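Keep the sequence and the 3D view at hand as you read.

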Amino acid sequence: MKKFNHVGIPSPVEHPGESFNPDISLYTTDFEKSENRIEWLRFLEDSPLPDVLKNTAHVAYEVDDLDKAIEGKEVLLEPFSPNESLRVAFIMEDEAPVELMQYC
């Protein structure tokens with residue numbers, strides 16, 4: 001089962017409350033503090049993430065089993081853990097990136 005979680009939107013604009021991840025040269029806002037669950041993404045030029053994530057909005061869904069959810073899909077970013085309670089992967093659906101999230 002998939003459940004909507006947030007929308008991620010790349011932007012060159014600095015937003016209040018951004019957090020910085022130096023490993024991937026990315027500033028993000030907390031979508032849980034957004035009335036419409038928007039996560040603003042501000043990439044630095046040296047970010048190693050795929051260009052499609054830097055230039056295209058993505059929608060994010062919570063899934064029960066991340067490994068099963070990415071089976072047979074075009075995987076853009078393999079599963080990783082941004083924190084102890086979450087696993088994330090990005091897939092492509094046609095031209096759009098989709099984030100799949102499994103809370104542990």
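A nonpolar core here means a set of buried Ala, Val, Leu, Ile, Met, Phe, Trp, Tyr and Cys residues joined through side-chain atoms within 4.5 Å. With that in hand, look inside this predicted model. Its largest nonpolar core has 12 residues: Leu 26, Phe 31, Leu 41, Phe 43, Leu 49, Leu 53, Ala 60, Leu 77, Leu 86, Val 88, Phe 90 and Met 101. The largest share belongs to β7, with 3 residues. There is also a second, separate core of 7 residues, with Val 63, Ala 89, Val 98 and Leu 100 among them.

Leaving aside residues up to four places away in sequence, Leu 26 touches Ser 19, Phe 20, Asn 21, Leu 41, Arg 42, Phe 43 and Leu 49.

Now step back to the whole chain. You can count 2 helices and 8 strands, and from the N terminus they follow the order β-β-β-β-α-β-α-β-β-β. The radius of gyration is 13 Å, close to the 13 Å that the globule rule gives for 104 residues, so the chain is as compact as a globular protein of that length. Of the contacts with a separation of 6 or more, 51% join residues 24 or more positions apart. Buried residues make up 36% of the chain.

The chain exposes about 6,600 Å², 48% of it supplied by carbon and sulfur atoms. As for charge, the chain carries 9 positive and 22 negative side chains, and the centres of these two sets are 5 Å apart.

Notes: Residues numbered from 1 in each chain as written. Predicted model: local features only at pLDDT ≥ 70, side-chain atom pairs only at ≥ 80, totals over all residues. Heavy atoms only, no water. Helix = DSSP H or I, 4+ residues; strand = E, 2+ residues; numbered from the N terminus. Rg over C-alpha atoms; globule rule 2.2 N^0.38 Å. Buried < 20%, exposed > 50% of the residue type's maximum accessible area, 1.4 Å probe, protein only. Contact = heavy atoms within 4.5 Å. Areas by Shrake-Rupley, 256 points an atom, 1.4 Å probe, with all protein chains shown as cover. Lys, Arg positive; Asp, Glu negative; His and termini not counted. Charge placed at Lys NZ, Arg CZ, Asp CG, Glu CD.
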